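Please read this note beside the sequence and the structure. The points are numbered, and each may be checked in turn.

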Amino acid sequence: MEPAYITRDNFSAIASTSQTSATSPIALRPRQPPPTRTLPFIIFIGIAEPTTSNMSMHTSLRRTAATITNSTTTILPTRLPTQTSGTTFVCSQCRHATLLRRPKRPYTFTQLITLSDGSTFTHRTTSPAPIYRSTRDTRNSLLWNPSSSKLMNVEEDEAGRLAAFRARFGRSFDASAPVDEEAAKDPVAAKQAEAEAKAQAKADQEEEDNLLDLISAFGQNEAPPPPEKKTPKFTKK
Amino acid sequence: MAAREPSRYLTRALPRASVPSIRPQGFLSRRNVSDEAPARRLSDHLTELESASSLSTAVPNSAAASFDPLARAAARKNQLPRGRYQFRSPKYNRGPLHPHQPPPPSHPSSRLFVPGPFSAPRAEQTFDSTVSPDIMTLCYVHTPPGFKPPPKSARLREWDDSSPYHKNRVLRGPRGGDVLRLLRKPIKFNNIPEIERITIHSYVKNAAAERNSSWLHVAGIAVQAISNVRVETFKSKSNVAPWGIASGRDSVAVKAELYGENMYHFLGKLVDVVLPRIKDWEGVKGSSGDSSGNITFGLIPENVALFPELEINYDMYPPKMIPGCHITLHTTAKTDKDARLLLSAMGIPFYGKIVN
């Protein structure tokens with residue numbers, strides 16, 4: 001046996017009978033037509049101020065709110081042309097169909113980044129400049145190179161002028177450096193030490209020179225070898 | 001034909017009035033109009049029922065004979081426009097029962113399809129070639145052969161059956177708090193922690209306070225520029241009177257989610273170019289993190305302005321409207337310790353007391 005087909009013609013009849021009698025099974029009770037079909041146009045206008053929603057960004061909240069047609073539904077056929085602007089969501093016939101929005105992706109360019117040490121790499125970016133030269137990056141910042149003495153903020157005081165100044169005019173915080181204190185206490189000793197250091201350096205230099213001489217004069221001090229006799233090693237027989 | 005007579009199901013489904021009564025009508029002398037009326041009306045409608053189902057209708061022979069697509073295509077002088085030869089995805093998803101189904105988003109013809117990846121980001125290459133083997137080596141724990149780890153107690157404690165009411169009770173949470181932490185498995189070659197996604201979030205205070213959406217526009221475009229990703233806006237969920245925000249009324253925040261290629265490009269740019277230029281920046285605070293491997297740090301507006309994308313046309317952005325942002329690095333690590341190991345290997349410095 002076939003089940004009863006509900007066609008468009010008998011639908012209303014069955015519906016009416018099932019509504020009149022309490023004993024009708026639920027299976028044949030017709031689906032209630034959606035309440036929104038009674039309104040010709042249902043226009044949902046975002047709650048937010050229009051300037052915000054003009055922004056062409058994904059607003060997931062607004063999209064979900066558009067399916068709710070309870071409080072802020074207004075019949076506004078004059079606003080229909082604003083459908084394209086994205087301000088309003090026009091639902092002329094509310095069925096359960098979700099729009100498959102094409103994902104929006106900003107245009108990106110390929111950019112070459114030149115780090116401060118000359119190394120380069122490319123990346124995709126929204127910036128249209130083809131090359132970006134960085135002056136400050138991981139290659140020359142102290143945080144990424146903690147052991148680099150070049151990047152550390154060390155004052156160069158080869159001549160000892162800064163130390164001398166500090167010894168003379170230094171206050172508590174900068175006079176506390178131990179090396180400077182020694183120099184300040186005993187300038188004579190400092191001079192002596194300096195002289196000693198100079199002497200030491202000179203001695204080192206001399207020694208180095210001697211070594212260099214030794215190396216360079218290695219083959220020359222010996223007497224030139226006597227000329228060999230021209231005797232062929234392999235004689236023809 | 002069997003369908004001519006009212007079917008078994010229909011008879012059962014229709015109200016009692018339509019069913020011929022067992023009781024002889026003549027027994028009851030009293031008759032009402034209301035007794036008669038629905039029955040007569042129903043019988044009228046039953047005669048109107050279509051006898052044949054639409055499924056059994058045969059296609060007329062003439063239609064079948066005229067259907068010859070090959071001949072039609074051959075007879076065509078010019079080619080159709082290109083789009084006619086291509087499958088075009090439906091614009092709407094009308095549910096799983098609709099005959100016209102959109103293709104899956106991974107299919108190129110889908111409206112949701114995003115092509116790519118088109119480049120191999122430097123940070124990703126670094127991770128693959130250097131960082132991941134290093135992490136695997138660092139996290140290696142040697143156990144001699146035959147070693148069996150001591151059995152761990154269950155994370156959810158059972159009730160001691162001291163009371164008959166303990167039967168079928170849900171298990172108790174762990175001691176010292178109800179939070180069940182993520183389970184950290186030993187790191188092997190197949191679960192090396194990696195960066196999953198990056199979230200750039202910016203709460204724009206003035207967007208609600210000044211009733212002026214331009215703050216949100218600038219914030220959205222700035223975040224989009226630095227991240228290569230279209231942003232989402234968010235409304236406030238709660239009412240905070242001193243801040244002047246009401247739930248559902250004000251759009252106050254902007255967020256961009258970065259995955260894959262975009263994520264690695266952003267990370268490389270952040271680490272190599274932007275973070276070193278921040279003045280007196282010590283690093284990411286060591287106590288940051290949600291204790292399940294996601295680490296967040298913030299950038300103030302002056303730092304955001306250091307991004308090369310904002311620098312290149314700095315004039316486009318009103319200087320006071322450049323937003324600050326929170327950057328969350330979501331990793332697949334189960335603990336903050338592993339996440340910090342990964343991120344510091346990727347070049348993000350940490351400072352202060354390290355809280356794991």
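Predicted model: local features only at pLDDT ≥ 70, side-chain atom pairs only at ≥ 80, totals over all residues.

1. Confidence in chain A. The mean pLDDT of chain A is 64, and 46% of its residues reach 70 or more. Over residues 1–86 of chain A, pLDDT stays under 50, and the model has 112 contacts beyond four places in sequence for this stretch.

2. Three strands form an open sheet with mixed pairing, in the order S6-S5-S7 (chain A). S6 and S7 of chain A are the edge strands, each of which pairs on one side only. From one strand to the next, the twist averages 30 degrees. A helix of the other chain packs on this sheet: H8 (residues 260–274) of chain B touches S5 and S6 of chain A, and its direction makes about 130 degrees with that of S6(A).

3. Pairing within that sheet. Strand S5 (residues 109–114) of chain A pairs with strand S6 (residues 120–125) of chain A in the antiparallel sense, over six bridges. The pairing of S5(A) with strand S7 (residues 131–133) of chain A is parallel and has three bridges.

4. A helix with a buried side. In helix H4 (residues 161–169) of chain A, the residues A:Ala163, A:Arg166 and A:Ala167 are buried. They lie on the same side of H4(A) because they cover an arc of only 100 degrees around the axis. Exposed residues, namely A:Arg161, A:Arg168 and A:Phe169, are carried on the face of H4(A) turned away from its buried side.

5. Chain B as a whole. Chain B contains eleven helices and eight strands. Of its 356 residues, 26% are buried. Among the contacts in chain B with a separation of 6 or more, 66% are between residues 24 or more positions apart.

6. The sheet of chain B. Five strands form an open sheet with antiparallel pairing, in the order S3-S4-S2-S7-S6 (chain B). Strand S3 (232–235) and strand S6 (294–299) of chain B stand at the edges; each has a single partner strand, so one side of each is left without a neighbour in the sheet. The twist averages 25 degrees from one strand to the next. Within the sheet, strand S2 (residues 195–203) and strand S7 (residues 325–331) of chain B pair in the antiparallel sense over six bridges. B:Ile198 has B:Leu329 as its bridge partner in S7(B).

7. Helices on the sheet of chain B. Helix H7 (residues 214–227) of chain B packs on the sheet and touches S2, S3, strand S4 (251–259) and S7 of chain B. The direction of H7(B) makes about 10 degrees with that of S4(B). Helix H11 (residues 336–345) of chain B also packs on the sheet, touching S6 and S7 of chain B, and its direction makes about 55 degrees with that of S6(B).

8. B:Ser292 lies in the loop between strand S5 (284–285) and S6 of chain B. B:Ser292 counts as partly exposed because 16 other C-beta atoms lie within 10 Å. Leaving aside residues up to four places away in sequence, B:Ser292 touches B:Leu182 and B:Lys334. B:Ser292 and B:Ala333 are 41 residues apart along the chain, and their C-alpha atoms are separated by 7.1 Å.

9. Backbone points to check. Most residues other than glycine have a negative phi, and most peptide bonds are trans. B:Asn168 is not a glycine, yet has a positive phi of about 65 degrees; this residue lies in the loop between H5 and S2 of chain B. B:Asn168 is exposed, since it has 6 other C-beta atoms within 10 Å. B:Asp280, also not a glycine, has a positive phi of about 55 degrees and is found in the loop between H8 and S5 of chain B. With 4 C-beta neighbours inside 10 Å, B:Asp280 counts as exposed. A cis peptide bond, with omega about 0 degrees, joins B:Gly116 and B:Pro117. B:Pro117 is in the loop between strand S1 (92–93) and helix H5 (122–138) of chain B.

Note on methods: Residues numbered from 1 in each chain as written. Chains lettered and ligands numbered in written order. Pairing = 2+ DSSP bridges. Helix = DSSP H or I, 4+ residues; strand = E, 2+ residues; numbered from the N terminus. Axes fitted to C-alpha atoms, helices over the stretch in contact; angles between N-to-C directions. Contact = placed C-beta atoms within 7 Å. Buried ≥ 20, exposed ≤ 12 C-beta atoms within 10 Å, placed from the backbone. Arc of directions from axis to C-beta. pLDDT = per-residue confidence, 0-100.
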